[in-house]
Amino acid sequence: MTTVAVRIPTALRRFSDEHATVRVEIAATPPTLSGVLDALAVTCPGVVDRVLDEQGRIRRHVNVFVGPDDVRVLGGLDATVDDGAEVSIVPAVSGGAVDRSVDDLLDALERDGYAIVRGALDEPTLAAARGAIAELLPPTPTGRNAFEGYRTQRVYSVLAKTRALDPLVLHPLVLGACDRVLAHYQVSATVAIAIGPGEAAQLVHHDDAIYPLPSPHADVLVSTMWALDDFDAENGATVLYPGTHRATEAPEEDAVPIYAEMPAGSVAVYLGTLWHGGGANTTDRVRVGVTFEYLAGWLRQQENHALAVPPAVAAELPPRLQELLGYSVYPPFMGYVDGRDPKRLLGR
Ligand SMILES: O=C(O)CCC(=O)C(=O)O
């Protein structure tokens, strides 16, 4: 008899009575991953249904490891599993992890609908961003509805309130990706989101749903979520549904999400069509993130930045940020003021 410990990811623990590890025994020889999943199906059928597709293959957005090795290189379901081995089921967050290249980011966005860039900020920039939001949070009320979150504080108009986030909104890797996905764009929502202890999971949604566009449509929105704290599955890491960016319907009840677990200073980038939501916070820690949405220049920004950041303030900002806020035209002239490019109001 071969005994194997199967590690169950947080997203699937509702099918394992909340157990993080389930032990299974296999009589067949040689013992294989297929045998492990057959045995697991007896006690936790819901887990196996989410690991294997209807044809019995490992789903694209789920990774299975035997010890440290991905079974895709060990022979898939025929991979041999030794007595005492540990099998880990890992939703493919690592599939979205990218290096520092725009091409990598674009590949991940096209394939999975999201990408996670770890360590995208240096320490001083992260510390300044955290400090700025820590000052803005105390007077900020909690949300007015379930979407905002009754235990969540949202600091809107962050670009009107601090300059410490400018390096985030202007991050070259993010802008490099937006240049290619959107070409001409502006910032739309700019919000710091502090998910408090005891907050429930947010309604799953996609950010461009506010525009009455037929589905499917060309990409018009790219969202970013900057982690100012370490994000994990317990403290409210953003919940992403890989591959749903080209779906025309909400994810199925049994779809397996991933948690955008990432250290502070990382950024999750996702298309406006990707289904996602804020995670539940079951810890006693607040989870602080900052989201910037980048929107095709021919659509109306969610926030009216020209009023939030008036010309006298905008005149002091870097030119690229002025353009992103809306002091620019979408060619040939959408957004003009008195027949002229609004950047003229800033003395440019
Ligand atoms: O806070 C998060 O992780 C996600 C929030 C979100 O998706 C939203 O408010 O639109």
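Select Asp338 to begin: this residue is exposed because 7 other C-beta atoms lie within 10 Å. Exposed stands for 12 or fewer such atoms, buried for 20 or more, and partly exposed for the range in between, with C-beta atoms placed from the backbone. Asp338 sits in the segment after helix H10 (319-325), and its phi is positive, about 55°, although it is not a glycine. Helices (H or I, at least four residues) and strands (E, at least two) are DSSP runs numbered from the N terminus.

The model is predicted: local features need pLDDT of at least 70 and side-chain atom pairs count only at pLDDT 80 or more, while totals for chains, interfaces and linings use all residues. Residues are numbered from 1 along each chain as its sequence is written.

Next, select Ala183, in the loop between helix H7 (172-182) and S8. Its phi is near 65°, a positive value in a residue other than glycine. Ala183 counts as exposed because 11 other C-beta atoms lie within 10 Å.

Now pick the two cis peptide bonds in turn. One joins Thr29 and Pro30, with omega about -10°; Pro30 belongs to the loop between S2 and H1. Another joins Ser215 and Pro216, with omega about 0°, and Pro216 is in the loop between strand S8 (185-195) and strand S9 (221-227).

Move to the sheet. In what order do the five strands of the open sheet lie? The order is S2-S1-S5-S3-S4, and the pairing is mixed. Strand S2 (21-26) and strand S4 (69-70) are at the edges, each with a single partner strand, so one side of each has no neighbour in the sheet. Strands count as paired if DSSP finds at least two bridges between them. Select strand S3 (residues 62-66) and strand S5 (residues 86-91): they pair in the antiparallel sense over five bridges. Within S5, Val87 stands opposite Val66.

Show helix H1 (residues 33-43), which lies across strand S1 (2-7), S2, S3 and S5 and runs at about 115° to S2. For such angles, axes are lines fitted to C-alpha atoms, for helices over the stretch in contact, and the values run from 0 to 180 degrees between N-to-C directions. Colour the buried residues of H1: Leu33, Gly35, Val36, Leu37, Ala39 and Leu40. Their cover includes S1, S2, helix H2 (45-51), S3 and S5. Contact here requires C-beta atoms, placed from the backbone, within 7 Å.

Go on to Leu74, in the loop between S4 and S5. Is this residue buried or partly exposed? Leu74 counts as partly exposed because it has 18 C-beta neighbours inside 10 Å. Leaving out residues up to four places away in sequence, Leu74 touches Val66, Asp69 and Ala79. Draw a distance from its C-alpha atom to that of Ile26, 48 residues apart along the chain: the separation is 19 Å.

Finish at the ligand. Select the residues around it: Ile193, Ile195, Gln202, Asp207, Met225, Thr238, His276, Gly277, Gly278 and Gly289. A residue belongs here if its C-beta atom, placed from the backbone, lies within 6 Å of the molecule. S8 and strand S13 (276-277) are the elements that give two or more residues to this shell. The shell divides into three nonpolar, six polar and one charged residue. Ala, Val, Leu, Ile, Met, Phe, Trp, Tyr, Cys and Pro count as nonpolar, Asp, Glu, Lys and Arg as charged, and the others, Gly among them, as polar.

Methods. Contact = placed C-beta atoms within 7 Å.
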